[in-house]
Amino acid sequence: MKRALVDNNAAMIPPKTQSTRRSEGASVGVISKVLRILEALQTSSVGLSLKAICDETGINKSTAHRFLRHLERENYLLHTEDGTYLIGPRLTQMSACASMSATLQVVARPILADLWRTTQETVNLGVLDRGTVLYIDVMESLHDFRLVSRVGTRRSVQETALGKALTAFLPASEYERVLRGVVFQRVTATTITNMIQLRVELDKVRRQGYAVDNEEALLGCRCVSAPILNKDKVAVAALSISGPVTRVSPAQVPVLAGLLKTAADSVSTTMGFTSRASRKS
């Protein structure tokens with residue numbers, strides 16, 4: 001009896017017609033194109049023209065223009081006098097409600113886990129916050145002798161590989177602001193203790209694409225770090241591998257740096273920071 005009732009109720013729901021399926025497919029197509037436009041604008045710090053949006057997304061000009069006009073009317077986008085489109089106030093407010101750090105933690109977790117399994121050393125995820133390095137995720141080595149940081153720990157930028165990687169890849173104005181806030185204090189014999197030395201070190205980090213803490217924060221410990229860059233090549237976070245100098249030897253540094261740079265690129269791609277090839281409509 002119960003089975004018959006279920007079957008009868010199911011029979012009352014009309015099957016989808018071909019026109020209904022076409023309508024649903026068209027709606028999904030519209031949403032996909034709008035999202036492609038927003039993604040293109042979100043990764044541009046100076047905005048994009050109609051032509052640049054079409055080139056980036058592969059959407060034809062008339063379709064893109066129609067979507068842009070609607071998004072502008074709803075205050076999701078701004079249209080400047082020179083014809084450039086920018087992310088508007090409504091989207092900015094929505095974005096402000098989302099936590100970049102929380103998203104980074106979720107996205108980077110499996111990539112951190114791969115590094116942890118491969119190296120068997122402690123791996124860290126850090127961001128620059130109020131001029132200091134803030135550790136937002138840590139996976140500890142299982143070795144009895146290991147280097148450990150706690151989530152929520154803050155450290156000075158000049159004495160950590162994470163801090164150097166984060167600072168070296170900042171825009172010029174923010175870079176200078178962070179450097180002005182550095183307070184030099186000798187922690188070990190190799191700690192950077194003056195601005196000239198720090199600037200030389202950060203130039204080196206930019207050239208090679210990774211940073212090293214060579215017993216500068218703690219005697220007997222070495223750390224290697226690579227930045228997670230957005231589309232403008234600005235560091236939004238950094239990954240690091242840390243361990244005792246007996247295991248993280250100078251010969252191991254380039255190997256670990258290569259693993260970190262690959263991992264950082266993977267996080268960047270997953271976060272949508274990496275430039276994508278144009279997709280056709």
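Q: Helices (H or I, at least four residues) and strands (E, at least two) are DSSP runs, numbered from the N terminus; where in this scheme is Glu215 found?
A: Glu215 lies in the loop between E6 and E7. The model is predicted, and local features need pLDDT of at least 70, side-chain atom pairs pLDDT 80 or more, while totals for chains, interfaces and linings use all residues. Residues are numbered from 1 along each chain as its sequence is written, and side-chain values use heavy atoms, without hydrogens or water.

Q: How many helices and strands does the protein chain have?
A: The protein chain has ten helices and eight strands.

Q: Why is Glu215 called partly exposed?
A: The relative accessible area of Glu215 is 22%. Buried means under 20%, exposed over 50%, and partly exposed in between (1.4 Å probe, protein chains only). Glu215 is therefore partly exposed.

Q: What is the value of phi in Glu215?
A: Phi of Glu215 is near 60 degrees, a positive value in a residue other than glycine.

Q: Why is Arg130 called exposed?
A: Arg130 has a relative accessible area of 71%, so it counts as exposed. Arg130 sits in the loop between E3 and E4. The hairpin of these two strands has two residues between them, and Arg130 takes a positive phi near 55 degrees there.

Q: Why does Glu121 count as buried?
A: Glu121 has 5% relative accessibility, so it counts as buried. Glu121 is placed in the loop between H6 and E3.

Q: What is in contact with Glu121, leaving aside its neighbours within four places in sequence?
A: Contact means heavy atoms within 4.5 Å. Glu121 is in contact with residues including Trp116, Met139, Ser141, His143, Ile241, Arg247 and Val248. The C-alpha atoms of Glu121 and Val148 are 9.7 Å apart, although 27 residues separate the two along the chain.

Q: Why is strand E3 described as largely enclosed by the rest of the structure?
A: Strand E3 (residues 122-129) has eight residues, and six of the eight are buried, so the description applies.

Q: What joins E3 to strand E8?
A: Five bridges join E3 to E8 (residues 235-244), and the two strands run antiparallel. Two strands pair if DSSP finds at least two bridges between them, so with five bridges E3 and E8 are a pair.

Q: Which residue in E8 is the bridge partner of Val123?
A: The partner of Val123 in E8 is Ile241. Val123 also stands opposite Met139 in E4. Seven antiparallel bridges pair E3 with strand E4 (residues 132-139).

Q: Which strands form the open sheet, and in what order?
A: Six strands form the sheet, in the order E5-E4-E3-E8-E7-E6, with antiparallel pairing.

Q: What makes strand E5 and strand E6 edge strands?
A: Strand E5 (154-155) and strand E6 (211-214) each pair on one side only. For E6, four bridges join it to E7, and these strands run antiparallel. Val212 stands opposite Val224 in E7.

Q: Why is helix H7 described as largely enclosed by the rest of the structure?
A: Eight of the eight residues of helix H7 (residues 161-168) are buried, so the description holds. Lys164 and Thr167 are among them.

Q: Which residues in the largest nonpolar core touch the most other members?
A: A nonpolar core is a set of buried Ala, Val, Leu, Ile, Met, Phe, Trp, Tyr and Cys residues joined through side-chain atoms within 4.5 Å. Of the 31 residues in the largest one, Leu115, Leu125, Val224, Ile228, Leu239, Leu260 and Val267 touch the most other members. H6, E3, E4, strand E7 (221-229), E8 and H10 each supply at least two residues of this core. The largest share, eight residues, comes from H10. A second, separate core has 24 residues, including Val133, Leu162, Leu170 and Leu202.

Q: What does Leu125 touch, not counting residues up to four places away in sequence?
A: Leu125 touches residues including Leu104, Ala108, Leu112, Leu134, Ile136, Ile228, Ala237 and Leu239.

Q: Why is Ala102 called partly exposed?
A: Ala102 has a relative accessible area of 38%, so it falls in the partly exposed class. Ala102 is in helix H6. Ala102 and Ile136 are 34 residues apart in sequence and 8.6 Å apart in space, C-alpha to C-alpha.
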